[in-house]
Amino acid sequence: MKIKYLPLTIVLISLLVVSCEGDTIDPSILDRNINVSAQINNSKFQSSGDEWTDGDAIGIYMIKSRKEFTESHILNKNEKYITTGNGVFKPADGVMDIKFPADGSKVDFIAYYPHTKSISSSFEYSVDVSSQKDIKAIDLLYSNNSVELSRLSSKVDMVFSHQLSKVTANISTSDGSSLEDVRISIKGVDLKAKFSLVDKSIISSSKGVVRMNTNSKGNMAEAIVIPTANLSGITLEIVNAGFAYVCRLGELSKISSIDSGKHYSFNIKLDPKNTEVSVVVNPWSSINPWEDVILDGIIIGKGDQVEDDNNNELGSKENPYTIEEAINNIGQKQVWVKGYIVGYYTGKTVKTFATDVSSSAEIKETCIALASSPDEQDGENTFPVFLKTGDLRDNLNINDNRDIIGTEILIKGNIESYYASIGFNNTYEYVK
């Protein structure tokens, strides 16, 4: 027998319910709007220190109550729900309402933020903190508190918690001198990871440098990072007025790891007249949306003079955006992107992506599709690139260069809306 379902967010079908004693039950309990209400820990509407904003989207799974998180027990899978900023989430355009089982059986809910279509078959969320331009977009949140609910439940209250870690550096000088051309980085941390929606485990990979998001004054920077149990080799590096100041996290006695859900606030004084490092750590913590760990009294003497490393900025030729990073950085102009040429488009959207090169009639010479994998088959994971007249079009168009499929290239352009997606609508140069 097929199970029928009732809507989660619109209304439940009105039924006349009669109790065992023959008394009529108020039908209003079966005919009320049911919304998803979300908060973060004990503070409503918080996300990375800010309120929910219009357009924030979560992904929701509905699972048979108290069953394992497997395909056979999932009733609704990765449904996209959006808020206008008030903490109430409703289905995104084109998404059907989640519906409670009509037989009254109980269900559990798993949810995460921010929503993505790219959840693996083993229910893993891909984490990438290499770009810090939009802190909120990489602040992974997770909820699994809404359990044993049914069609009689008035609403679905979800409580989210931060799964990554936040680092803030507050910078000043010991002699009161001004800060100049400040750059702050965390070196030796993990850049990518897989987060399991099943058990919240995190498997990290790809160590590197996180350039912190620094304010215009240079006295404060913040970053979302992947938790780690080992601080060996991890350094906080501040460049001020051309000199490097280095704090080795593994040498701090009051911090031994970077833990999930914690906010580490480093209050650091730079000593331009000293080459030694003096560290006095006085941590304090309390539980809020983040669990705060404040590290005071860190005084760092200057090190060697450093050369300008603007050429290593993310999006530069030396440090190009990946396809995923480029898609998350719309509006950036004259930046470099690295990817594989994987095909073309027969129409005007990425949904018309094609790889067949047997017929030249369908292949446009003005645009190619890039992807992070040479074997990409899903057009929605591609990055459309306009080929301007000249060397770009002559050397990269697929019609005249059939064997170019699978070739990795670097290409410079403006990240804009293109082919009903995000891509390069203006291009300048390339390197094979």
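What share of the contacts in the protein with a separation of 6 or more comes from residues 24 or more positions apart? I looked this up before anything else. The model is predicted, and in it such residues account for 66% of those contacts.

**Entry: overall make-up.** I counted secondary structure and found two helices and 29 strands. I then checked burial: 45% of the 432 residues count as buried. For the surface, I noted that the protein exposes about 20900 Å². Carbon and sulfur atoms supply 46% of that area.

**Entry: nonpolar cores.** I looked up the largest nonpolar core, which has 49 residues. Within this core, Tyr61 and Leu236 touch the most other members. Strand E14, residues 183-196, gives the core its largest share, six residues.

**Entry: Tyr61.** I listed what Tyr61 touches, leaving out residues up to four places away in sequence. Among them are Phe69, Ile74, Phe109, Ile110, Tyr112, Ile119, Phe123 and Leu197. The list also includes Asn76, Lys77, Asn78 and Asp108.

**Entry: E28 and E29.** I turned to strands E28 (residues 408-418) and E29 (residues 421-431), which run antiparallel. Nine bridges join E28 to E29.

Notes:
Residues are numbered from 1 along each chain as its sequence is written. This is a predicted model: local features need pLDDT of at least 70, side-chain atom pairs count only at pLDDT 80 or more; totals for chains, interfaces and linings use all residues. Side-chain values use heavy atoms; hydrogens and water are left out. Two strands pair if DSSP finds at least two bridges between them. Helices (H or I, at least four residues) and strands (E, at least two) are DSSP runs, numbered from the N terminus. A nonpolar core is a set of buried Ala, Val, Leu, Ile, Met, Phe, Trp, Tyr and Cys residues joined through side-chain atoms within 4.5 Å. Buried means under 20% relative accessible area, exposed over 50%, partly exposed in between (1.4 Å probe, protein chains only). Contact means heavy atoms within 4.5 Å. Accessible areas come from the Shrake-Rupley method with a 1.4 Å probe; for residues, only the protein chains shown count as cover.
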